[in-house]
Amino acid sequence: MADLPNGFTGFSRRDPNFVSAGDALRSSRYDDTPFAARKQERSAVGGWVPAGPAAGAADRGAAGRMAPASDVLQFAESGTAPAGPPRFDPDKLAHIPETDRRWSWVEINLNAIRHNASTVKHRLRPGCRLMAVVKADAYGHGAVQVAKTALNSGAEYLGVATVDEAIALREAYVNAPVLVLAEPPATAIPLLLAYKIMPSVYTAEFAIRYAEAADAFGLRAPFHLKVNTGMNRIGVRWDEVVEFARQISFHRALDLEGTFTHFATADCPGTIDFERQVKRFAEAVNALRAAGLNPGIVHAANSAAAIRYPEVQLDMVRLGISLYGFYPCPEAYPLIDLKPAMAVKARITDVKIVSVNEGVSYGLHYRSPGSVKICTLPIGYADGLRRGLSNRTDVLLGGRRFHQAGNICMDQCMFEVNLRQRLAVDPQIGDEVVIVGEQGEAAVTIDEMAETLGTIQHEVAIGFGCSRLPRIYL
């Protein structure tokens, strides 16, 4: 056959080093050797594990990590022959773990949630209830799993921000009292009654419509009265509480189950505004009692107040950010032991040596100093790794910190490994990297990220709780 250097019938002279795709699949091997036990090989905790070292793997930018043909065929319909068009079984495909579809994920340590809830519960005075605040999908940690863990660790109430958040708990068979921490639209009243969800109330119009709807079904209409003591976000003004209660108390279906307020400065060094709110709330509750009205469960303390000011624990405290292992303020550090529950991890998808002065990522703001390996991770700002952290955060590999390099992209980011330093770390495709959490003696925390960004832990943690990152519960 005549030479056809680029013809459809193939090449007449084959490169002696050529390996077909089929041969590559058949020669791939499964290797789960841990990182510490190998220097040149890859590491993994599950799923497809990278192949062993291969010549030129780093230069090619892809190493092993392909499933052997026999493993691929296990996802075919029963009885399907290896040859012929693929006939994949959807039920079998569904069992491929999410972490094997994209190498980035969030780990939630439920033992840490249990520890934090129990630790705060033990600090409360006898008879004081604990509400676990699981709004915003439990601050990105997963509302259903966190709620069940907290309830098994001493919590008696749950707090959410929206009716849909409460419904999600009910549909997961969570039967504890659930309080929506703001007054929902009147159009959501049928859902409140159907799912036995308690609203916060601070307008007479909503209260009456809620009561009338409940009465029409022969039901009670329980609620918590929200009092505005100075934060000026929502609530009945503290010195108008009795008048408001009298406006609505005529309705036979209404049940005042609780009265609460929210502190604006419990996590701040100064106490003047905090003390003013405490005084106003006490006046409001005492006024209700003097008028012959039972305020129900009286609660005011958020995480900071519950830890710093035992005198305002009252009948219940609302544990939000500290349930997840975050200290609400520096003053809380010596007072309590909390354990972070969230870790964020990914696997390296590409490794390359970048020449001196070559740029990396959008804008090429990072320039290689030479003798570095640039490693790519499949996680970006759409996953909660904020773009404002570009070139300002570290990741962990082999128990060491490495600088993130270049602008963080929507779906990916990079970090550098300096080859001029004598390191026991040789990054390979498939190696596990910690974006948030601990590895060996090293750690990268959400607190660090929040400080770098000039924001609070809540915002960073909730960002990592996006639906793109699968959660693994430990």
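A crossing of two helices is called right-handed if the near helix is turned clockwise from the far one by less than a right angle, and left-handed if it is turned anticlockwise. With that convention in hand, select helix 11 and helix 12 in this predicted model, and the crossing of the pair can be read as right-handed.

Keep both helices on screen, helix 12 being residues 272-290, and look at the geometry of the pair: the two axes lie 9 Å apart and the packing angle is about 45°. Because angles under 35 degrees count as roughly parallel and those from 65 to 115 as roughly perpendicular, that angle makes helix 11 oblique to helix 12. To see the side chains that meet here, select Val241, Val242 and Ala245 in helix 11 together with Ala284, Ala287 and Leu288 in helix 12. Sorted by class, this contact consists of six nonpolar residues, with no polar and no charged ones.

Next, hold helix 11 (residues 241-248) and bring in helix 10 (residues 204-216), whose axis comes within 10 Å of that of helix 11 and crosses it at roughly 30°. That angle makes helix 10 roughly parallel to helix 11, and the crossing of this pair is also right-handed. On the helix 10 side select Ala204, Ala207 and Ile208, which meet Phe244, Gln247 and Ile248 of helix 11. This contact divides into five nonpolar residues and one polar residue, with none charged.

The largest nonpolar core holds 129 residues, and Leu377, Phe415, Ile435 and Phe464 are the ones with the most contacts inside it. Helix 10, already on screen, gives the most to this core, contributing seven residues.

Which residues does Phe464 contact, once neighbours within four places in sequence are left aside? Centre the view on Phe464, and its partners include Val106, Met342, Val344, Leu385, Val436, Ile446, Met449 and Leu469, with Asp383 and Gly384 also among them.

Finally, zoom out to the whole chain, where the secondary structure comes to 15 helices and 21 strands. Colouring by burial will set apart the 49% of the 474 residues that count as buried. If contacts between residues at least 6 apart in sequence are drawn, 64% of them join residues at least 24 apart.

Conventions. Residues numbered from 1 in each chain as written. Predicted model: local features only at pLDDT ≥ 70, side-chain atom pairs only at ≥ 80, totals over all residues. Heavy atoms only, no water. Axes fitted to C-alpha atoms, helices over the stretch in contact; angles between N-to-C directions. Helix = DSSP H or I, 4+ residues; strand = E, 2+ residues; numbered from the N terminus. Parallel < 35°, antiparallel > 145°, perpendicular 65-115°, else oblique. Contact = heavy atoms within 4.5 Å. Nonpolar A, V, L, I, M, F, W, Y, C, P; charged D, E, K, R; others polar. Core = buried A, V, L, I, M, F, W, Y, C linked by side-chain atoms within 4.5 Å. Buried < 20%, exposed > 50% of the residue type's maximum accessible area, 1.4 Å probe, protein only.
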